[in-house]
Amino acid sequence: MERTTDTREGVGGPGEQAVLLAAGLADLAVTTVGAAFTSVRGLLRRSDTAELAAGAEQDLIARGRLALDRYAAAPPAHLEVLARQVIAQRADGGDSDGDGGRA
């Protein structure tokens, strides 16, 4: 039986295909874990690891604060804003609508 570069041809049966799939997944996992381990080892060798971690913590805190401000706080009620503007205008003695205080 002649093997080709096409992965669909030349596979003996379902058992052989399962073994090849498992080997491929294992190779992918080893490669991924190896790359992650190399990255972590590089980070641990840095002399400023503590400062790097502190900076990352501050960034996460800032992101959390922004996210809470964005989603948790409800905007002020429209009528409440208008009422405060009218009160502020009356306190200043101003009349911005030009009708001399007549409604």
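**Figure 1. Surface of the predicted model.** The protein exposes about 9,200 Å², and carbon and sulfur atoms supply 61% of that area. Accessible areas come from the Shrake-Rupley method with a 1.4 Å probe; for residues, only the protein chains shown count as cover. Buried residues make up 1% of the 103 residues in the protein. Here, buried means under 20% relative accessible area, exposed means over 50%, and partly exposed lies in between (1.4 Å probe, protein chains only). This is a predicted model: local features need pLDDT of at least 70, side-chain atom pairs count only at pLDDT 80 or more, and totals for chains, interfaces and linings use all residues. Residues are numbered from 1 along each chain as its sequence is written, and side-chain values use heavy atoms, without hydrogens and water.

**Figure 2. Confidence and the start of the chain.** pLDDT is the predictor's confidence in each residue, from 0 to 100. Its mean for the protein is 80, and 80% of the residues reach 70 or more. Over residues 1-5 the pLDDT is below 50. Beyond near neighbours in sequence, this stretch has five contacts in the model (heavy atoms within 4.5 Å). Where pLDDT is low, the predicted coordinates should not be read in detail.

**Figure 3. Helix α3 and its end.** The protein has three helices and zero strands. Helices (H or I, at least four residues) and strands (E, at least two) are DSSP runs, numbered from the N terminus. Helix α3 covers residues 78-92, 15 residues in total. From first C-alpha to last, α3 reaches 21 Å, close to the 21 Å expected at 1.5 Å a residue. That expected span is 1.5 Å times one less than the number of residues. Just after α3, Gly93 takes a positive phi of about 80°.

Figure 4. How many salt bridges does the structure hold? It holds one. The term means a side-chain nitrogen of Lys or Arg within 4 Å of a carboxyl oxygen of Asp or Glu. The side chains of Arg84 and Glu80 meet in it (3.0 Å, N to O). Both residues lie in α3, four residues apart, about one turn of the helix. Arg84 is exposed, at 56% relative accessible area. Glu80 is partly exposed, at 39%.
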